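Open the structure in your viewer and keep the selection tool at hand. This tour goes stop by stop.

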Amino acid sequence: MKTFQTFDNPDGWASAAEAFRDDFAAGERIQIAPWGGYAILGHRELVSLARNPLADGMAPDPAAMAETPALLALLDRALFTKSGEVHRTERAALIAAFNTVPLAGITREAVRRALPSGPARIDLRTGLIAPVVRRVWGEIIGLDATAALQMEDAVRDLAHVLSLSPDPAKAHLAEAAAGRVRDLSLAALQGGAPFSRNLRDRLGDGLAADLIAGMAFDAIESAATGLDGALRVAFAHRDQVTATAQCANECLRLASSTPMTMRLATGRIALGDLVVEAGTVLSMVWAAGNHDPLAFPAPERFDPDREGARPLMFGMGQHACLGHAIIRATLVQLLGVLETLTPETGTLPARWSPFAKDYLPVLGIRFEG
């Protein structure tokens, strides 16, 4: 079995499809991960594992985070690190709370308020995406504009450690930010938003705040990165774009801004001819699955009407991203105003390299009004 080395290319790849093309051509759909366990690339294999309850959450390593105990506590309380009945109970409570959120109205209003009142030049990330994401998340959990900005600032500091390119020299900033995220999550419970009220009634203040804090990074930083990448794909194919969930899925699939997440086998799992033993780390390479030619014919092609296999940019199964509907609904609203936005330069990065700090360079946008 081949050792997974695809992510070792420091210069990136011409596209995500190109990154995994040789692996799929050689039939290397499961590989040995150099950091331990297996790297899962194939769409079929990813879906099979994602639906298996024995491929469960993976708790953070206390030894690796000994210098950042507050950040460790935040991750320990996060839903994605938990497993078994605890995870299922808390996930059910979060799903019920999300079902109270009027997403279409919230995302529509957030996009409307973020757009300039007249023709202007704005930065795609800081001038459009960040304000939209901040408003959407603040509205959902119950933070006013000031507190939502404070949450965004704290999450930005978390990214010094919780990112694809961590900076150990700034770990102290992430540690301080973890405490601010927890405090702001507690404050959100007093805001009266249906989501937080529902979660608080089911789980109590402490656990509800823990779960909100645990979601904050993905809700703000990861969502902004995903929307940034997806909009660049949309700009590159703007003559084919429609403001539909199906088109949004295709933009997100091609962007594949979250290339990989980790799970842990909590029991023996049969995966084709491979037997995965309990305690094995599973590196779920979602970006590969999104470009598996067996699931997505001509995977590099933008097809806004693509049908068939389910894209995996949000994972799948019991540990799939709970915010997938939020990101998709937000992107649909942004696609609806795409004709008013014109990028000043090339829209896609020169290389697909999501682990690089400068992967999504600053992109100026002209708003026509």
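A salt bridge here is a side-chain nitrogen of Lys or Arg within 4 Å of a carboxyl oxygen of Asp or Glu. Keep in mind that this is a predicted model, where local features need pLDDT of at least 70, side-chain atom pairs count only at pLDDT 80 or more, and totals for chains, interfaces and linings use all residues. Residues are numbered from 1 along each chain as its sequence is written, and side-chain values use heavy atoms, with hydrogens and water left out.

**Stop 1: charged pairs**

Select Arg180 and Asp157. They form a salt bridge, and their closest N and O atoms are 3.1 Å apart. Arg180 sits in helix α8 (residues 171-188) and Asp157 in helix α7 (residues 145-158), so the pair ties together parts 23 residues apart in sequence. Helices (H or I, at least four residues) and strands (E, at least two) are DSSP runs, numbered from the N terminus. Arg180 is partly exposed, at a relative accessible area of 34%. The scale is this: buried is under 20% relative accessible area, exposed is over 50%, and partly exposed is in between (1.4 Å probe, protein chains only).

Now select Arg29, Arg44, Glu45 and Asp292. Salt bridges with shared partners join these residues into one network. The whole structure holds 22 salt bridges.

Go next to Arg88 and Glu85. Their salt bridge has its closest N and O atoms 3.3 Å apart. Both residues lie in helix α4 (residues 84-98), three residues apart, so about one helical turn separates them. Arg88 is partly exposed, with a relative accessible area of 40%.

**Stop 2: the sheet**

Select strands β4, β10 and β9. In that order they form an open sheet with antiparallel pairing. Strands count as paired if DSSP finds at least two bridges between them. Which strands are at the edges? They are β4 and β9, each pairing on one side only. From one strand to the next, the twist averages 30 degrees.

Zoom in on β4 (residues 120-123) and β10 (residues 364-367). Four bridges link them. Ile122 has Ile365 of β10 as its bridge partner, and Arg121 has Arg366.

Arg121 counts as exposed, at 52% relative accessibility. Glu344 counts as partly exposed, at 36%.

Now show helix α6 (residues 124-141). Helix α6 lies across β4, β9 and β10, running at about 80 degrees to β4. Axes are lines fitted to C-alpha atoms, for helices over the stretch in contact, and angles run from 0 to 180 degrees between N-to-C directions.

**Stop 3: the nonpolar cores**

A nonpolar core is a set of buried Ala, Val, Leu, Ile, Met, Phe, Trp, Tyr and Cys residues joined through side-chain atoms within 4.5 Å. Select Ile140 and Phe195. In the largest core, of 87 residues, these two touch the most other members. Helix α10 (residues 205-236) gives this core its largest share, 18 residues.

What does Ile140 contact, leaving aside its neighbours within four places in sequence? The list includes Phe98, Val101, Ile106, Phe195 and Ile326. Contact means heavy atoms within 4.5 Å.

Finish at a second, separate core of 18 residues. Among them are Ile269, Val276, Leu282 and Met284.
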